[in-house]
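Dear colleague,

I am passing on a structure for you to look through, and my notes on the sheet and on one residue follow below it.

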Amino acid sequence: MSTCLIIFAKSPIPGKVKTRLIPHITPTKAAELYEAFIADTISNTLKLKCDRITIAYSPSCAEKTFQRLCGQSVDYLPQKGDSLGERMKNAFKHSFDKGFERTVIIGTDSPTLPLSYIQKALDVLKEIPEKTLRSLRI
């Protein structure tokens, strides 16, 4: 049973990420903080027992930025869609089209999320019969 973890991330562009923090810190510091969130999330999730980790990034021109931040141990996928729900649906579809049977999506805003929570999500999906999962797919 193949598993995929998709991590949704935005390019750490000053003034475009962590904007609610900007009254308290500069746009550059907010972007640096978000970049650290990305790095920590990747570093932690590489310890999981899953077959593939994919970074679903935004904007679509940011792949080189994410390759610099995340390295070659992960795959890259530009986010597609107008709403978060549409982007998530497209990411799930991409994963299933690539042959992964079970997929979990997380974001980068909680770099201290215990890995045990993510691993439990992946493990629980392995317990669901394939026939049931197929009926739930998009």
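Isoleucine 6 stands opposite threonine 54 in β2 (strands, E of at least two residues, and helices, H or I of at least four, are DSSP runs numbered from the N terminus). Please bear in mind that this is a predicted model, in which local features need pLDDT of at least 70 and side-chain atom pairs count only at pLDDT 80 or more, while totals for chains, interfaces and linings use all residues. Residues are numbered from 1 along each chain as its sequence is written, and side-chain values use heavy atoms, without hydrogens and water.

Strand β1 (residues 3-10) pairs with β2 (residues 52-58) in the parallel sense over 7 bridges, where pairing requires that DSSP finds at least two bridges between two strands. Helix α1 (residues 27-45) packs on the sheet and touches β1, β2 and β4, its direction making about 170 degrees with that of β1; contact means heavy atoms within 4.5 Å, and angles run from 0 to 180 degrees between N-to-C directions of axes fitted to C-alpha atoms, for helices over the stretch in contact.

The open sheet itself has 4 strands in the order β3-β2-β1-β4, with parallel pairing. Its edge strands, each pairing on one side only, are β3 (75-78) and β4 (102-106).

Serine 2, in the segment before β1, is buried because its relative accessible area is 19%, buried being under 20% with a 1.4 Å probe, protein chains only. Leaving aside residues up to four places away in sequence, serine 2 touches Asp51, Gly99, Phe100, Glu101 and Arg102.

Note on methods:
Buried means under 20% relative accessible area, exposed over 50%, partly exposed in between (1.4 Å probe, protein chains only).
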